[in-house]
Amino acid sequence: MADTDDDTSGARFRPEVPAPSHTFPLKGCGGLDWGMQSRLARIFRPATSRTVMLAIDHGYFQGPTTGLERVDLSIVPLLPFADALMTTRGMVRSTVPPASRAPIVLRASGGPSILKELSDEHVAVSMEDAARINACAVAVQVFIGGEFEAQSVHNMTRLVDAGQRYGIPVLAVTAVGKELTRDARYLRLATRICAELGAHFVKTYYCAEDFDTVAAGCPVPLVMAGGKKLPELDALTMAYRAVQEGAAGVDMGRNIFQSDHPEAMIRAVAAVVHESVKPHAAYEKFMVPKAQAQD
């Protein structure tokens with residue numbers, strides 16, 4: 001029953017205090033719906049607006065990958081240290097514990113294997129199924145300059161339209177073919193096209209020269225791809241440079257799960273990304289003690 005006695009007073013309404021407008025302070029995020037911003041705020045730490053994503057979706061086109069033979073043994077123990085997990089729906093349902101607090105960035109494109117033309121991908125997961133899995137974002141490969149460029153762009157725009165309906169952000173992953181160069185000019189082209197056509201954040205490679213122009217030219221958050229396995233200090237240095245030059249974090253896979261000490265490596269990457277710890281300092285703090293203990 002409604003309270004018929006008006007015990008409120010004017011002071012309780014605090015008319016002199018303006019009502020706050022809460023938006024997640026992430027690049028390009030201010031105009032998104034609440035659900036979109038909420039999901040992005042799970043992927044990107046609110047305190048830093050940066051992320052350390054753990055990429056383990058390699059099997060969707062190349063099968064068992066070194067370090068991912070048993071995801072239950074190699075990856076699940078790392079989940080407490082990851083800001084998000086990029087994976088496939090098959091791996092989510094078969095292996096990822098439902099009680100895990102790591103947000104899921106769900107691989108939503110696929111088709112060809114490493115034996116075929118990789119750019120011939122199609123949408124492989126419906127946004128409805130992504131919602132069932134409680135994904136915080138879906139990821140789609142975009143092959144700018146590839147044989148099936150237009151098809152891959154259309155995959156992305158279809159997912160963006162569906163994501164707008166369901167409140168699920170889309171991560172565009174720029175793919176570099178054998179004939180394409182990972183230089184700033186190409187990366188500016190690829191990332192800007194993805195952002196212009198609606199991607200809510202973009203994953204791309206780091207380039208040693210002018211990466212800051214790539215980040216500046218992309219109006220949505222840019223996440224650096226880890227790429228092939230590097231020596232740990234080199235990978236930490238690349239991550240440090242990327243975030244200092246404008247990246248909103250990293251999505252690393254092989255440089256973490258193929259490390260001799262994966263937990264120490266992901267913690268070192270997090271220190272570099274979220275605390276701006278210098279690469280040598282992060283290496284000395286996390287990697288050296290593990291190596292010494294092994295000896």
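Visitor: Which residues of helix H2 (residues 34-43) are buried, and what makes them count as buried?

Guide: In this predicted model, they are Met 36, Gln 37, Leu 40 and Ile 43. The cut-off for buried is under 20% relative accessible area, so these four residues of H2 fall under it.

Visitor: How do you know that the buried residues of H2 line one face of the helix?

Guide: Look down the axis of H2: the buried residues fall within an arc of 115°, so they line one face. The background is simple: an α-helix has 3.6 residues a turn, so residues three or four places apart point the same way.

Visitor: What do the buried residues of H2 pack against?

Guide: Their partners are S1, S2, strand S3 (104-107), strand S6 (137-142), helix H7 (149-166) and strand S8 (201-204). Packing here rests on contact, with heavy atoms within 4.5 Å.

Visitor: Why is strand S1 (residues 51-55) called mostly covered?

Guide: Count the buried residues: 5 of its 5. Thr 51, Met 53 and Ala 55 are buried on one side, Val 52 and Leu 54 on the other, and both faces of S1 are covered. In a regular strand the side chains alternate between the two faces of the sheet.

Visitor: What makes S1 and strand S10 (residues 249-252) a pair?

Guide: The test asks for at least two bridges. S1 and S10 have 4, in the parallel sense, so they pass.

Visitor: Which members of the largest nonpolar core touch the most other members?

Guide: Among its 77 residues, Ile 75, Leu 106, Met 156 and Met 252 do. Helix H12 (residues 262-275) gives the most to this core, with 9 residues.

Visitor: How do you know that the chain is as compact as a globular protein of its length?

Guide: First, the inventory: the chain has 13 helices and 10 strands. Its radius of gyration is 21 Å, close to the 19 Å that the globule rule gives for 295 residues, so the chain is as compact as a globular protein of that length.

Note on methods. Residues numbered from 1 in each chain as written. Predicted model: local features only at pLDDT ≥ 70, side-chain atom pairs only at ≥ 80, totals over all residues. Heavy atoms only, no water. Core = buried A, V, L, I, M, F, W, Y, C linked by side-chain atoms within 4.5 Å. Buried < 20%, exposed > 50% of the residue type's maximum accessible area, 1.4 Å probe, protein only. Helix = DSSP H or I, 4+ residues; strand = E, 2+ residues; numbered from the N terminus. Arc of directions from axis to C-beta. Rg over C-alpha atoms; globule rule 2.2 N^0.38 Å.
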